[in-house]
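Please read the following report alongside the sequence and the coordinates.

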Amino acid sequence: QVQLVESGGGLVQAGGSLRLSCATSGRTSSMYTMGWFRQAPGKEREFVATSRWSGDSTYYADSVKGRFTISRGNAKNTVYLQMNSLKPEDTAVYYCAAARLTVGFPAVSPTPYAYWGQGTQVTVSS
């Protein structure tokens, strides 16, 4: 199993930037496909971005493409989400998640992700 802890959320004005971090731990904690999801009040959990274990493949939702970047640290135990040009509609709780390497890529549904962090709030004001 793997444990995930998100950090870096906060309040930012439209057009600003935030960088979210997700620290992983546990046996073979680096050997997972990682994803970022978000959930706004009253809405379903929504796919944002995903990265393979090696970091050599990434995939983004159309709504964030060109603005957000997912990356992994050199040790592969930390995954980041750099968010630029933020919009009020980006306001949500952001979650990192881990899927086994046997899961197909990209996985844009929450279902294949076996492990989830607690979430971090991102609020974008207008």
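The sections below go through the basis of the model, its strands, its salt bridges and a surface patch.

## Basis of the model

This is a predicted model, in which local features need pLDDT of at least 70 and side-chain atom pairs count only at pLDDT 80 or more, while totals for chains, interfaces and linings use all residues. Residues are numbered from 1 along each chain as its sequence is written, and side-chain values use heavy atoms, with hydrogens and water left out.

## The four-stranded sheet

Strands are DSSP runs of E with at least two residues, numbered from the N terminus, and two strands are said to pair if DSSP finds at least two bridges between them. By these criteria, four strands make up an open sheet in the order β1-β3-β8-β7, with antiparallel pairing. Its edges are formed by β1 (3–7) and β7 (68–72), each of which pairs on one side only. From one strand to the next the twist averages 15 degrees, the axes being lines fitted to C-alpha atoms and the angles running from 0 to 180 degrees between N-to-C directions.

Going through the sheet pair by pair, β1 and β3 are antiparallel and share five bridges; in this pairing L4 stands opposite T24 of β3, and S7 stands opposite S21 of β3. The antiparallel pairing of β3 with β8 extends over six bridges, and here L20 faces L81 of β8. Antiparallel β7 and β8 are joined by five bridges, with T69 having Q82 of β8 as its bridge partner. The hairpin of β7 and β8 has five residues between the strands, and K76 takes a positive phi near 70 degrees there.

Strand β2 (residues 10–13) runs parallel to β11 and is joined to it by four bridges, with V12 standing opposite V124 of β11. By contrast, β9 and β11 run antiparallel and are joined by three bridges, and in this pairing V93 stands opposite Q121 of β11.

## Salt bridges around R38

Four salt bridges are found in a search of the whole structure, a salt bridge being a side-chain nitrogen of Lys or Arg within 4 Å of a carboxyl oxygen of Asp or Glu. One of them joins the side chains of D90 and R38, at 2.9 Å from N to O. Because D90 lies in the loop between β8 and β9 and R38 lies in strand β4, this pair ties together parts that are 52 residues apart in sequence. D90 counts as buried, with a relative accessibility of 1%, and R38 also counts as buried, at 5%.

R38 also meets the side chain of E46 in a salt bridge, again 2.9 Å from N to O, although E46 is partly exposed, with a relative accessible area of 34%. Another salt bridge links K65 with D62, whose closest N and O atoms are 3.5 Å apart, and D62 is exposed, with a relative accessible area of 65%. Through salt bridges that share partners, R38, E46, R67 and D90 are joined into one network.

## A nonpolar surface patch

M31, W53 and L101 form a nonpolar patch on the surface, with about 260 Å² of accessible area together. Such patches consist of residues with over 30% relative accessible area and no salt bridge, in which like charges are joined within 9 Å and nonpolar side chains (Val, Leu, Ile, Met, Phe, Trp, Tyr) within 5 Å; accessible areas come from the Shrake-Rupley method with a 1.4 Å probe, and for residues only the protein chains shown count as cover.

Conventions. Buried means under 20% relative accessible area, exposed over 50%, partly exposed in between (1.4 Å probe, protein chains only).
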